[in-house]
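I opened a new structure today and kept notes as I went. Here is what I looked up, entry by entry.

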Amino acid sequence: MTKTCLIIVDGLRYDTAVAECGYLAASVEAGLARLWKMQACLPTISAPLYETIHTGLAPVDHGILSNEAIRPSQRPNVFSQLKVAGRNTGIVAHSYYHTLYGGSAFDPFEHTEINDPDQPVPFARYYSMEGYSPENSCMPSDVDLCAQTWRIADDHAPDYLLLHMSACDTLGHWFTADSSEYRIQAWKSDNALSRLIPRLREAGYDVLVTADHGMNADGHHAGNQPCLREVPFFAFSETITAEASSVLDQRAIAPTILSLIGTDAPDTMTVSPLI
Ligand SMILES: [Zn+2]
């Protein structure tokens, strides 16, 4: 039974992570973490894949197929399973996650900060990015999100803690994946994580770092190109096992998290955990 933190760097493609994320690469080189290539499900769109990562189901099976069709999760998921098991969870993420798992429509004046053991996700910090446009990206700083994540970990020690950072995706849309802005943002996210992950490890967390999808040279993602489907999966965990050369299935993340925490996976999660 291990407390687990999942970090989703939105829109970070595999080859960019390998090339730009020096802290994560150093961790692999030092034997503190391992890296696999993971294949994202289709369509390679954010909200459908947030739900895939937390239900272990492909979008065609869980039913959320576009960002515009986002609604509360209707499938057994990591948060609902842990709630039933009496375990504690926390989130620092885009407000889409409140829509999916928070139990009510997102209202920034009510839900930006949640500290309530009776809520579906008891400890949460959400950002809306309302007003998002090329002129004003409305992005929170990655290090601010890392600091909020640490505060929840240190104050409340949830069994499952999710951190979701949006800056790579945002700059990828404005400047494309073939840009210094996107590549340097990948490093900035990595640099912020270098200040969080050692603290989480010290506090007893296993830490997984991945992306929902990649990004292409049009500044877009949704389809079936390798640059959209291939994402990194870094594991700071002695428990995770898989062939070093294997390409992992994104649907394995949910049952893996539940296994790490010591909770049974529901029958709907049919892909084997990486344990
Ligand atoms: Zn995304």
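**Before starting.** I count a contact as heavy atoms within 4.5 Å. I also keep in mind that this is a predicted model.

**Entry 1: the sheet.** I began with the strands. Nine of them form an open sheet, and I wrote down the order as β4-β5-β3-β6-β1-β7-β8-β2-β9, with mixed pairing. At the edges I found β4 (113-115) and β9 (247-249), each of which pairs on one side only.

Then I picked one pair to look at. Strand β2 (residues 34-39) runs antiparallel to strand β8 (residues 230-236), and six bridges join the two. Which residue of β8 is the bridge partner of Q39? I found E230 there.

**Entry 2: a helix across the sheet.** Next I checked what lies on the strands. Helix α12 (residues 253-261) lies across β1 (4-9), β2, β6 (160-165), β7 (206-210), β8 and β9. I noted its direction as well: α12 runs at about 155° to β1.

**Entry 3: S237.** I went to the loop between β8 and β9, where S237 is found. Is S237 buried or exposed? I have it down as buried, because its relative accessible area is 5% and the cut-off for buried is under 20%. Its side chain makes a polar contact with the side chain of D206, at 2.7 Å. The S237 side chain also reaches the backbone nitrogen of I240, at 3.3 Å. Setting aside neighbours within four places in sequence, I listed R34, R201, D206 and L260 as the contacts of S237. So D206 turns up both in that contact list and as a polar partner, because a polar contact needs N or O atoms within 3.5 Å and a contact needs heavy atoms within 4.5 Å.

**Entry 4: α9 against α10.** On to helix packing. Helix α9 (residues 167-175) and helix α10 (residues 180-202) have axes that come within 8 Å and cross at roughly 175°. That makes α9 roughly antiparallel to α10, because angles over 145 degrees count as such. On the α9 side, A167, C168, L171, G172 and F175 make the contact, and on the α10 side I found E181, Y182, Q185, A186 and S189.

I then looked at which residues of α9 are buried: A167, C168, D169, T170, L171 and G172. They pack against β1, α8 (142-156), β6 and α10. Just after α9, I spotted T176 with a positive phi of about 80°.

**Entry 5: D169.** One of those buried residues of α9 got its own note. D169 has a relative accessible area of 8%. What does D169 touch, not counting residues up to four places away in sequence? My list reads D10, G11, Y132, H213, M215 and H221. A polar contact of 3.0 Å joins the side chains of D169 and H221. These two sit 52 residues apart along the chain, with their C-alpha atoms separated by 9.4 Å.

**Entry 6: α2 and α10.** I came back to α10 for another partner. Helix α2 (residues 22-29) packs with α10 at an angle of about 50°, with the axes 7 Å apart. That makes α2 oblique to α10. The contact involves G22, Y23 and L24 of α2, together with D190, L193, S194, I197 and P198 of α10.

**Entry 7: R183.** Last stop, also in helix α10. R183 is partly exposed, with a relative accessible area of 31%. Not counting residues up to four places away in sequence, R183 touches T16, E20, A177 and D178. From R183 to S194 I noted eleven residues in sequence and 17 Å in space, C-alpha to C-alpha.

Note on methods
Residues are numbered from 1 along each chain as its sequence is written. This is a predicted model: local features need pLDDT of at least 70, side-chain atom pairs count only at pLDDT 80 or more; totals for chains, interfaces and linings use all residues. Side-chain values use heavy atoms; hydrogens and water are left out. Two strands pair if DSSP finds at least two bridges between them. Helices (H or I, at least four residues) and strands (E, at least two) are DSSP runs, numbered from the N terminus. Axes are lines fitted to C-alpha atoms, for helices over the stretch in contact, and angles run from 0 to 180 degrees between N-to-C directions. Buried means under 20% relative accessible area, exposed over 50%, partly exposed in between (1.4 Å probe, protein chains only). A polar contact is a pair of N or O atoms within 3.5 Å; within protein, one must be able to donate a hydrogen and the other to accept it, and residues adjacent in sequence count only if both atoms are side-chain atoms. Angles under 35 degrees count as roughly parallel, over 145 as roughly antiparallel, 65 to 115 as roughly perpendicular and the rest as oblique.
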